[in-house]
Amino acid sequence: MLYYSTNKQSPAATLEEAVVRGLAPDKGLYMPERIKTLPPAFYHNMGEMSFQEISFIVAEAFFGEDMEADILKNIVYDTLRFDVPLVRVHDSIYSLELFHGPTLAFKDVGARFMARLLGYFIRKEGRREVNVLVATSGDTGSAVANGFLDVEGIHVYVLYPKGKVSEIQEKQFTTLGKNITALEIDGTFDDCQALVKNAFMDEELNRKMALTSANSINVARFLPQAFYYFYAYAQLEKQDAAREVVICVPSGNFGNITAGLFAKRMGLPVKRFIAANNRNDIFYQYLRTGEYSPRPSVPTLANAMDVGAPSNFARVLDLYGGSHEAVCADISGAAYTDEQIRETLADVYRRHHYLLDPHGTCGYRALAEGLQAGETGVFLETAHPAKFIDRVEPIIGERVAIPDTLQRFMQGTKQSIPLPSDFVHFKRYLLNRR
Ligand SMILES: *Cc1c(COP(=O)(O)O)cnc(C)c1O
């Protein structure tokens, strides 16, 4: 299958090229040239199938033309070594818990899949070691580092701003060792991002070492997120509740919801989607006005959604042929302030004994407010509340138990390499590492 760029100024790419490049040369995002629909029998039997079985069938529709079935199957099964349970919160509102992976957030699915797919391409082509550079303000670094841990032929450098990520987040990518190196930059997140960008543009560096990004716009990170939409539906079917299904996605860069829109295109009977924003409501304003006006992000309680220019907006538009009307027919939106997030998080915990995280809270509230009679609602709970313990505990006025997976990270020893924020030092460091 070939992949075209949303900017349509670059030639179509193979899957391998799209994965290794990430962004198309014309700075557009890659889209598969066809979205295959899945047969009715699959939808009929889904309720009896496991997460891995369902995902393999979806993966074949995306990637089956480009690799042997048993290799793809291994990648899918090895990626999904954890469950994504659908839990009823109250009435016809369900939470799809995407936080049972190694770093307790949904990005584990895409990061693990991409690492394995990239690893496969490196072995197949006998390529030299590939170096993944990733700048993080917290969560992306942990998902990528853990996703790529122990994958042969790949070395990951995580760049993070010194003193600006929480201890829990920091431990998730500084305690791993092996093929993961944490670079503690004396600067801001923007400095880290600038270092990565400069590295990709530096001719000497690119000649001497193979560099790639594990950015969330990569097709290998974003498409596998479709898997759990199918599995959510399967779990509703099993409970005989798969009627007029509405799915609500707490959104930042809009990769997660775009994968859901792909699932719908493949025939998954989802009636409509809701995109939940925090105060960074660029998409919500687009839905209301038809105008897309990116603006600088503001910090909120749901910080993984603090995005001022959602990178996957281009994919959403492309999927709907640029029609605002067509987008609005499938997606509605909502946006919440920190005050509303606090209020809803506390309220759901008190009344329904379900502890949300700040991101899932936006999803829950948009769903609870938007669901109509006869509809069944699923919101994506994108991270475990304990990941944001310093914010969640004061809201509910209680201690939050830290799951074993997080505890284990906390016990590890931090190893990082301190670096100043200028490119000269960073470049010298990378060159001397080889
Ligand atoms: C990344 C992230 C989001 C936003 O997902 P997008 O795909 O960028 O829309 C929401 N919640 C959490 C916890 C995240 O880490």
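Is A275 buried or exposed? I looked it up: A275 has 1% relative accessibility and counts as buried. My cut-offs are under 20% relative accessible area for buried, over 50% for exposed, and partly exposed in between, with a 1.4 Å probe and protein chains only.

**Ground rules.** I am working on a predicted model, where local features need pLDDT of at least 70, side-chain atom pairs count only at pLDDT 80 or more, and totals for chains, interfaces and linings use all residues. I number residues from 1 along each chain as its sequence is written, and side-chain values use heavy atoms, with hydrogens and water left out.

**Entry: A275 and strand β10.** I placed A275 in strand β10. Helices (H or I, at least four residues) and strands (E, at least two) are DSSP runs, numbered from the N terminus. I also took a distance from A275 to G47. The two are 228 residues apart in sequence and 26 Å apart in space, C-alpha to C-alpha.

**Entry: strand β9.** I went on to the partner of β10. Strands β9 and β10 (residues 270-277) run parallel and are joined by six bridges. Two strands pair if DSSP finds at least two bridges between them. I found I247 opposite F273 in β10.

**Entry: the ligand.** I counted a residue as near if one of its heavy atoms lies within 4 Å of the molecule. There are 14 residues around the ligand, and K107, G252, N253, F254 and T382 come nearest. I sorted the shell by type: six nonpolar, seven polar and one charged. In this scheme Ala, Val, Leu, Ile, Met, Phe, Trp, Tyr, Cys and Pro are nonpolar, Asp, Glu, Lys and Arg are charged, and the others, Gly among them, are polar.

Next I listed polar contacts. These are pairs of N or O atoms within 3.5 Å; within protein, one must be able to donate a hydrogen and the other to accept it, and residues adjacent in sequence count only if both atoms are side-chain atoms. A ligand oxygen lies 2.8 Å from a backbone N or O atom of G252. A polar backbone atom of G255 is 3.2 Å from an oxygen atom of the ligand. On the side-chain list, an N or O atom of T382 sits 2.8 Å from a ligand nitrogen. How much of the ligand does the protein bury? Taken alone the ligand exposes 390 Å², and the protein buries 95% of that. Those areas come from the Shrake-Rupley method with a 1.4 Å probe; for residues, only the protein chains shown count as cover.

**Entry: positive phi.** Most residues other than glycine have a negative phi. I noted F254, a residue other than glycine with a positive phi near 70°. F254 lies in the loop between β9 and α12 (255-265). At 4% relative accessibility, F254 counts as buried. K27 also has a positive phi, about 70°, and is not a glycine. I placed K27 in the loop between α1 (15-21) and β2 (30-32). K27 is exposed, with a relative accessible area of 61%.

**Entry: hairpin.** I then looked at strands β3 (residues 86-90) and β4 (residues 93-97), which run antiparallel and are joined by four bridges. H90 has I93 in β4 as its bridge partner. The two strands form a hairpin with two residues between them, and D91 in the turn has a positive phi of about 45°.

**Entry: N146.** I found N146 in helix α6 (residues 139-148). N146 is buried at a relative accessible area of 9%. What does the side chain of N146 reach at 2.8 Å? I found the backbone oxygen of S142 there. The side chain also reaches the backbone oxygen of Q172, at 3.0 Å.

**Entry: cysteines.** I searched for disulfides, meaning pairs of cysteine sulfur atoms within 2.5 Å. The structure holds zero. For C328, the closest cysteine sulfur is in C248, 16 Å away, so the two are too far apart for a bond. C328 is partly exposed, at 32% relative accessible area. C192 is buried, at 0%.
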